[in-house]
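Here is a friendly walk through a fold, written for someone who would rather look than calculate. Keep the viewer open and turn the model as you read.

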Amino acid sequence: MAILKVARLGHPILRQVAATVAPSEVRRPETQRLIDDMIETMIEYDGAGLAAPQVHVSKQIAVYAVESNPRYPEAPSIPLTVLINPRITPLGEEQEEDWEGCLSVPDLRGKVPRFVRIRVEAIDRHGKAFEFTATGFHARVIQHETDHLFGKVYLDRMRSLESLSFLREFLRYQAGSSVIEE
Ligand code: NI
């Protein structure tokens with residue numbers, strides 16, 4: 001296991017559409033090691049999620065988990081999940097704005113609209129297809145991570161940059177708001 005270096009905004013890999021991963025490739029030891037390293041890196045930096053392009057690998061792999069994270073005391077617990085080649089279908093038109101942050105965009109927070117309810121299809125770390133419905137904060141994390149796999153960051157999704165804040169000012173003036181960093 002290893003803690004990987006996180007690519008920051010401006011690195012071209014964050015703007016590329018990542019390659020899909022075949023089930024046979026998922027089962028290879030090097031892919032399994034990458035997934036383990038991504039999980040370790042996410043935990044090390046207190047992220048709610050991490051996508052492979054953020055660790056300089058342009059492949060459609062994302063991990064996320066929110067479990068007793070002191071940084072998000074109000075966030076519901078979400079078990080550790082590995083999504084490979086995720087595809088999202090919004091269920092309904094409803095969107096909700098909430099604060100997001102990103103390990104690749106350090107020290108900033110902004111309000112981002114996301115679909116409240118989504119259907120997710122993906123393959124797991126064993127190469128097996130699965131699908132499920134996610135809502136609220138869980139759906140938000142998945143939309144944020146999946147965006148990374150298609151060259152997008154949360155700033156691209158903001159309706160306006162007016163809410164964009166440095167972390168220090170965010171904590172000072174928006175105290176009580178939940179925040180996620182992926
Ligand atoms: Ni992110």
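Five strands make up an open sheet in the order 1-2-3-6-7, and their pairing is antiparallel. Strands here are DSSP runs of E with at least two residues, helices are runs of H or I with at least four residues, and both are numbered from the N terminus. Two strands pair if DSSP finds at least two bridges between them. The edges are strand 1 (49–51) and strand 7, each of which pairs on one side only. On average, neighbouring strands of this sheet are turned by 40 degrees against each other, direction ignored.

Before going further, note that this is a predicted model, in which local features need pLDDT of at least 70 and side-chain atom pairs count only at pLDDT 80 or more, while totals for chains, interfaces and linings use all residues. Residues are numbered from 1 along each chain as its sequence is written, and side-chain values use heavy atoms, with hydrogens and water left out.

**Along the sheet**

Strand 3 and strand 6 (residues 117–123) run antiparallel and are joined by five bridges; here Arg87 is partnered by Glu121. Strand 6 is also joined to strand 7 (residues 129–135), antiparallel again, through seven bridges. Glu121 stands opposite Glu131 on that side. The hairpin of strand 6 and strand 7 has five residues between the strands, and Gly127 in it takes a positive phi near 85 degrees.

Ala129 belongs to strand 7. Is Ala129 buried or exposed? With 59% relative accessibility it counts as exposed; the cut-offs are under 20% relative accessible area for buried, over 50% for exposed, and partly exposed in between (1.4 Å probe, protein chains only). Leaving aside neighbours within four places in sequence, Ala129 is in contact with Ala122 and Ile123, where contact means heavy atoms within 4.5 Å. Its C-alpha atom is separated by 9.8 Å from that of Leu83, 46 residues apart along the chain.

**Helices on the sheet**

Helix 2 lies across strand 1, strand 2 and strand 3, at about 35 degrees to strand 2. Helix 3 (residues 136–149) packs on the sheet too, touching strand 1, strand 2, strand 3, strand 6 and strand 7, and its direction makes about 125 degrees with that of strand 7. Axes are lines fitted to C-alpha atoms, for helices over the stretch in contact, and angles run from 0 to 180 degrees between N-to-C directions.

Two threonines of helix 2 are worth a click. Thr31 lies in this helix and counts as buried at 5% relative accessibility. A polar atom of its side chain lies 2.6 Å from the backbone oxygen of Glu25. Thr41 is found in helix 2 as well, buried at 0% relative accessibility. Beyond its neighbours within four places in sequence, Thr41 is in contact with Ala2, Ile3, Leu4, Val6, Leu50 and Val55.

**The nonpolar cores**

A nonpolar core is a set of buried Ala, Val, Leu, Ile, Met, Phe, Trp, Tyr and Cys residues joined through side-chain atoms within 4.5 Å. Which members of the largest core touch the most other members? Of its 18 residues, they are Ile35, Met38, Leu50, Ile61, Val63, Val82 and Ile84. Helix 2 (29–44), strand 2 (61–66) and strand 3 (78–90) each supply at least two residues of this core, and the largest share, five residues, comes from helix 2. Apart from it lies another core of 15 residues, among them Ala48, Val66, Ile78 and Ala134.

**Aromatic pairs**

Rings of Phe, Tyr and Trp (its six-membered ring) pair if their centres lie within 6.5 Å; planes under 30 degrees apart count as stacked, over 60 as edge-to-face and the rest as tilted. The count comes to two pairs.

| Pair | Arrangement | Centre to centre | Between planes |
|---|---|---|---|
| Trp99 and Phe170 | edge-to-face | 4.9 Å | 65 degrees |
| Phe130 and Phe132 | stacked | 5.7 Å | 20 degrees |

Trp99 in strand 4 (residues 95–102) and Phe170 in helix 5 (residues 167–173) are 71 residues apart, so this pair links distant parts of the chain. Trp99 is buried at 5% relative accessible area, and Phe170 is buried at 1%. Phe130 counts as partly exposed at 26% relative accessibility, whereas Phe132 is buried at 17%.

Definitions and conventions: Polar contact = N/O pair within 3.5 Å; in protein donor to acceptor, adjacent residues only side chain to side chain.
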